[in-house]
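Thanks for coming, everyone. Please have the sequence and the model open on your screens.

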Amino acid sequence: MTTSPNPNVGCVIVKDNQEIAVGWHQRAGEAHAEINALNRAGEEAKGATAFVTLEPCSHHGKTGPCADALINAGISTVFVAMKDPNPLVAGQGIKRLQDAGIDVKVGLLEGRARELNKGFIKRMETGKPFVRVKMAMSLDGKTAMASGESQWVTGPDARRDVQQYRARSSAILTGIGTVLADDPSLNVRLENSAIGNDGEIRQPLRVILDSQGRIPESAKLLALEGQVLLLTADKTKVFEHENMLVEEVPLKNDKLDLNNVMKVLAEHEINDVHVEAGSVLCGALLNENLVDEIIVYMASHLMGDGAQGLFALPDIETMQQRINLKIEDIRAVGDDWRITAKPIIEKHQEQK
């Protein structure tokens, strides 16, 4: 995701019912969508209408205020899909346009705009990133054999599909158990994914939860391009490495406090977290109401009674305690099936 930590924003400029320019924010630190569209429109922007995914910014960051650029270009009407939840903007961009005499209409296709930027919006509104948990299972709900063997539960098409989810995430998170068992790379390995203007793949931050500092210096992911963030309870127990940043997180029940983990990631401006971990960590995230979306790839084979299950949820003992899910999509990916689901959090659990 080349725009991270910024939102994904597009801008279309229309005049006399004809599209005259399109622009989008391509990479953090570079021109925003409105600027790119205005540059393409040139003098034709005067008196035109602009359609924008998100409220034009009104503050000076790495670039100047887009609201001012629209005003200076002579745009007459602006359709804003949704207000910017960023407190640095939060209605100020719209007000600046209105004060300049521009007709501003808010709310067109807001649902689609929120879906496009659900990670950025959640971070701004709650101080935590959007969390997606990816799992792969057999038809009988198993993720690995009793020995720990898990390569490969699903086929090559599903594995390529996972790379797309990695590519559009700000961070990939796993636990030390997965690192010790599988020695994963946790990087993006698709040539057409997350490519910036310079043609290079943008690697997400790789996040390892390691309360006791057990990560080995020989871990494969430390030798690969991109930074690793190791979260631990005592950073003095962890060796130094040029590709690894180490931060401390308090413990809760002898495990890293997962709510604090998410707050730390938000402080690193992480919008979307893609989790690829074992059943214990995935179950703990689900139990703490920290999971926004579950992606399960289901393969058409059986792995038997002794194999490991999908989520470790030992506290669930009755039907009343079960965690309900809303199935949002089911589709074939090669020989496997991809199920997209959203946990349904009861109102009394939201403040957990």
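Which elements do the buried residues of α3 pack against? Before I answer, one caution: this is a predicted model.

Now the answer. The buried residues of α3 pack against α2 (66–73), β4 (77–82) and β5 (103–106). Helix α3 itself covers residues 92–99, and its buried residues are Gly-93, Ile-94 and Leu-97. Look down the axis of α3. The buried residues fall within an arc of 100 degrees, so they line one face of the helix. A reminder on helix geometry: an α-helix has 3.6 residues a turn, so residues three or four places apart point the same way. Just after α3 comes Gly-101, with a positive phi of about 90 degrees.

Stay with the α2 and α3 pair. Their axes come within 9 Å and cross at roughly 20 degrees. Angles under 35 degrees count as roughly parallel, and α2 and α3 are therefore roughly parallel to each other. The crossing of the two, α2 and α3, is right-handed. Who meets whom? On the α2 side, we have Ala-67, Asp-68, Leu-70 and Ile-71. On the α3 side, they meet Gly-93, Arg-96 and Leu-97. Gly-93 and Leu-97 are also among the buried residues of α3.

Next, α1. Buried here are Ala-33, Glu-34, Asn-36, Ala-37, Leu-38 and Ala-41. The cover over these buried residues of α1 includes β1 (10–15), β2 (18–24), β3 and α2. After α1 comes Gly-42, where phi is positive, near 60 degrees.

Then there is Glu-43. Its place is the loop between α1 (33–41) and β3 (49–54). Is Glu-43 buried or exposed? Glu-43 has 72% relative accessibility, so it counts as exposed. Glu-43 and Ala-73 are 30 residues apart along the chain, yet their C-alpha atoms are separated by 7.6 Å.

On to the sheet. How many strands form it? There are 9 strands in an open sheet with mixed pairing. Read the order with me: β11-β10-β9-β8-β14-β6-β15-β18-β17. The edge strands are β11 (244–248) and β17 (325–333), and each of them pairs on one side only. On average, neighbouring strands of this sheet are turned by 20 degrees against each other, direction ignored.

Next, α9, residues 279–287. Helix α9 lies across β6, β8, β9, β14, β15 and β18. Against β8, α9 runs at about 110 degrees.

Zoom in on one strand pair. Strand β8 (residues 171–175) and strand β9 (residues 205–209) pair in the parallel sense, over 5 bridges.

Which of its residues are buried? In α5 they are Gly-119, Phe-120, Ile-121, Lys-122 and Arg-123. What covers these buried residues of α5 includes β3, β4, α4 (110–116), β6, α8 (258–267) and β14. After α5 comes Gly-127, with a positive phi near 75 degrees.

That is my tour. Over to you.

How values were computed
Residues are numbered from 1 along each chain as its sequence is written. This is a predicted model: local features need pLDDT of at least 70, side-chain atom pairs count only at pLDDT 80 or more; totals for chains, interfaces and linings use all residues. Side-chain values use heavy atoms; hydrogens and water are left out. Two strands pair if DSSP finds at least two bridges between them. Helices (H or I, at least four residues) and strands (E, at least two) are DSSP runs, numbered from the N terminus. Axes are lines fitted to C-alpha atoms, for helices over the stretch in contact, and angles run from 0 to 180 degrees between N-to-C directions. Contact means heavy atoms within 4.5 Å. Buried means under 20% relative accessible area, exposed over 50%, partly exposed in between (1.4 Å probe, protein chains only). The arc is that of the directions from the helix axis to the C-beta atoms. Angles under 35 degrees count as roughly parallel, over 145 as roughly antiparallel, 65 to 115 as roughly perpendicular and the rest as oblique. A crossing is left-handed if the near helix is turned anticlockwise from the far one by less than a right angle, and right-handed if clockwise.
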